[in-house]
Amino acid sequence: MGNKYVQNRELKNAECLTYMLPYLLRDGGYYGKNPDVSPTLDPFTMTMIKDAPRQDNGGDCGVYALKFIEYMSSEENPSFGPQDIMFFRKKYAVDLYFNKLSM
């Protein structure tokens with residue numbers, strides 16, 4: 001997100017996800033599979049991480065999102081960039097083909 005206008009627009013667009021995610025978790029059966037997590041329909045909080053890795057094109061957002069989720073769920077600092085995306089893309093394809101995708 002290069003400039004303030006784009007940042008503000010993207011944050012506003014993403015805000016709806018804070019309301020949708022609790023319903024998606026409920027309807028997708030997450031709470032039933034994870035009884036230690038209290039079911040809630042309260043909106044999530046959203047935080048913009050300033051130093052997160054950023055894509056340099058318009059087509060890698062899905063790979064960036066998956067890798068960022070992986071890093072954040074393992075409590076590691078995200079340390080990847082555009083030079084790594086083709087490897088991750090190929091790894092996801094192989095893992096999906098052999099039904100070994102795990103996060």
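User: What is the relative accessibility of cysteine 16?

Analyst: This is a predicted model in which local features need pLDDT of at least 70 and side-chain atom pairs count only at pLDDT 80 or more, while totals for chains, interfaces and linings use all residues. Residues are numbered from 1 along each chain as its sequence is written, and side-chain values use heavy atoms, with hydrogens and water left out. Buried means under 20% relative accessible area, exposed over 50%, and partly exposed in between, with a 1.4 Å probe and protein chains only. Cysteine 16 counts as partly exposed, because its relative accessibility is 39%.

User: How many disulfides does the structure hold?

Analyst: A disulfide is a pair of cysteine sulfur atoms within 2.5 Å. The sulfur of cysteine 61 has its closest cysteine sulfur in cysteine 16, and at 15 Å that is too far for a bond. The number of disulfides in the structure is 0.

User: What pattern does the chain follow along the sequence?

Analyst: Helices (H or I, at least four residues) and strands (E, at least two) are DSSP runs, numbered from the N terminus. The chain has 4 helices and 0 strands. Read along the sequence, the pattern is therefore α-α-α-α.

User: How far apart are the end C-alpha atoms of helix α4?

Analyst: Helix α4 covers residues 85-97, which makes 13 residues. The expected span is 1.5 Å times one less than the number of residues, so α4 should span 18 Å. The distance in the model agrees: the end C-alpha atoms are 18 Å apart.

User: Within what arc do the buried residues of α4 fall?

Analyst: Ile85, Phe88, Tyr92 and Asp95 are the buried ones in α4. Seen down the helix axis, they line one face, while Phe87, Lys90 and Tyr97 are exposed on the other side.

User: Which helix do the buried residues of α4 pack against?

Analyst: Contact means heavy atoms within 4.5 Å. Valine 63 touches Ile85, Phe88, Arg89 and Tyr92, not counting residues up to four places away in sequence. The helix that the buried residues of α4 pack against spans 61-73, and its name is α3.

User: How many residues make up the largest nonpolar core?

Analyst: A nonpolar core is a set of buried Ala, Val, Leu, Ile, Met, Phe, Trp, Tyr and Cys residues joined through side-chain atoms within 4.5 Å. Here the largest one consists of Val63, Tyr64, Tyr71, Phe80, Ile85, Phe88 and Tyr92. Helices α3 and α4 each supply at least two of its residues.

User: Which side chain makes a polar contact with the side chain of aspartate 60?

Analyst: Aspartate 60 lies in the loop between α2 (30-33) and α3, and it is buried, with a relative accessible area of 12%. A polar contact is a pair of N or O atoms within 3.5 Å; within protein, one must be able to donate a hydrogen and the other to accept it, and residues adjacent in sequence count only if both atoms are side-chain atoms. Leaving aside neighbours within four places in sequence, aspartate 60 is in contact with Gln55, Ile85 and Arg89. At 2.4 Å, the polar partner is the side chain of arginine 89.

Technical notes: Arc of directions from axis to C-beta.
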